[in-house]
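Reader: I am new to this structure. Please walk me through a few of its parts.

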Amino acid sequence: MTTVASGTTTALVGEVCADTGRFAALADEWRRLHGRCRTATPFQSHAWLHSWWTSYGVTGRLRVVLVRRGGELVAAAPLMLVFRPFRTLVPLGGPISDFTDVLLDDDCTEEAARALVTAVREAAGGALVDLREVRPGGAAERLHERWPGARVRLPDSACLELPAAPLEDLLTRLSAKPAQRVRAKLRKIDALGVEERPVGPEEVETTLTSLLTLHRLQWSGRGVTPEHVRPRFAEHLARSVRLMVAQGEAALTEFVLDGEVVAADLTLQSPSLAGGYLYGAHPALRDRKVDVAALLMRASTRRLEGTGRTVLSLLRGNEPYKHHWRPDTVHNQRFLLARGTRAAPLLWWCVGYARARGWAAAYVRERRSGDR
């Protein structure tokens with residue numbers, strides 16, 4: 001436990017939670033902090049992170065860094081210890097989470113950030129801290145800015161984003177003919193009688209089973225993401241999404257045609273952002289000329305109305321259907337932080353490795369482009 005002096009009469013106290021049961025018990029106060037952190041994404045919700053740890057965590061590796069003021073949680077860094085090949089603290093959430101970050105209370109951001117830096121440094125000891133996939137403007141930027149040891153910021157995955165706006169406003173991003181085609185496709189969907197139905201918490205498990213089945217069918221023969229067909233992924237979704245739907249942190253939607261569920265969509269939500277996470281659509285919709293991308297986009301824009309959210313994220317990935325909407329490309333960030341001389345060489349090794357991989361990927365893209 002670390003006590004950090006503050007400019008107020010109440011000191012900030014840092015500690016590390018390494019117990020799964022205690023992490024589970026943080027749910028209520030974590031949810032309050034998540035709601036007071038304007039940069040938080042759905043992937044920092046307690047429901048998502050605790051469920052992920054239950055399905056993917058390794059016993060003895062949990063390192064959730066907490067900062068409290070007067071007993072109230074004002075900062076949190078959901079981390080775990082890995083060995084790859086050296087000791088490193090990394091965020092919970094793994095590859096199935098599009099964004100990682102820490103949480104800082106908007107009411108005391110500066111104090112909370114300073115205290116969290118001190119607490120994370122103590123938790124790290126000689127380990128490297130590697131924060132990947134931090135969305136631009138994320139709270140982890142403040143840790144990087146205030147970190148007193150070796151630190152590096154690197155670009156990470158590209159994400160595609162649209163403003164949270166009515167569909168007609170988004171269509172103005174397109175030229176006239178593509179916009180007219182989208183409107184015609186939506187009229188066809190309406191003429192077929194495709195119905196859009198929001199799913200409540202009590203129906204989540206059944207709908208997710210349908211969604212994953214449709215997702216497998218949709219990608220049959222085209223290489224589905226292996227993790228999406230594993231039981232632990234289905235268990236994680238069922239456990240986390242049931243809570244997230246009940247708390248307004250997720251929206252699950254079914255699309256019904258002739259009495260059958262032909263598509264389903266899972267969108268994750270925070271106060272400022274909604275992100276289309278996973279969907280499934282029956283291949284028969286292609287035979288009936290249903291434009292699934294238009295169907296999903298209209299549903300997404302309808303859900304955003306009146307919520308105050310400002311961003312509709314298409315998350316990571318450069319699938320062609322996403323580019324139909326002329327989204328903006330933003331790059332996540334990676335922060336490497338080292339305490340003292342022991343971890344600094346590891347940091348620079350990681351920097352060199354990341355840059356070498358980037359150069360290799362660019363070379364492969366250039367060669368492929370030249371071969372066309």
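**Questions and answers**

Author: Glycine 352 is partly exposed, with a relative accessible area of 36%. Here buried means under 20% relative accessible area, exposed means over 50%, and partly exposed lies in between (1.4 Å probe, protein chains only). This is a predicted model: local features need pLDDT of at least 70, side-chain atom pairs count only at pLDDT 80 or more, and totals for chains, interfaces and linings use all residues. Residues are numbered from 1 along each chain as its sequence is written, and side-chain values use heavy atoms, with hydrogens and water left out.

Reader: In which helix is glycine 352 found?

Author: Helices (H or I, at least four residues) and strands (E, at least two) are DSSP runs, numbered from the N terminus. Alanine 356 is found in helix α13. Glycine 352 is found in residues 340-371, helix α13.

Reader: What separates the C-alpha atoms of alanine 356 and leucine 252?

Author: Alanine 356 is partly exposed, at a relative accessible area of 35%. Along the chain, leucine 252 and alanine 356 are 104 residues apart. Their C-alpha atoms are separated by 40 Å.

Reader: How many Å apart are the end C-alpha atoms of helix α7?

Author: Helix α7 has 17 residues, 176-192. The expected span is 1.5 Å times one less than the number of residues.

Reader: Against which helices do the buried residues of α7 pack?

Author: Ala179, Val182, Leu186 and Ile189 are buried in α7. Seen down the axis, they fall within an arc of 75° (taken from the directions from the helix axis to the C-beta atoms), so they line one face of the helix. The face turned away carries the exposed residues Ala176, Lys177, Arg187 and Ala191. By contact (heavy atoms within 4.5 Å), the buried residues pack against α6 (167-171) and α11 (292-304).

Reader: Which element gives the most to the lining of the largest cavity?

Author: On a 1 Å grid over the protein atoms alone, a cavity is a set of points where a 1.4 Å probe fits but cannot get out, and lining residues have an atom within 4 Å of a point. The whole structure has one cavity of 30 Å³ or more. β11 (260-269) and α11 each supply at least two residues of the lining. With three residues, the element that gives the most is α11.

Note on methods. 1 Å grid on protein atoms, 1.4 Å probe; cavity = no way out; pocket = protein on both sides within 12 Å on 5 of 7 lines; lining within 4 Å. Points joined across faces, edges and corners; volume = space filled by probe spheres on them.
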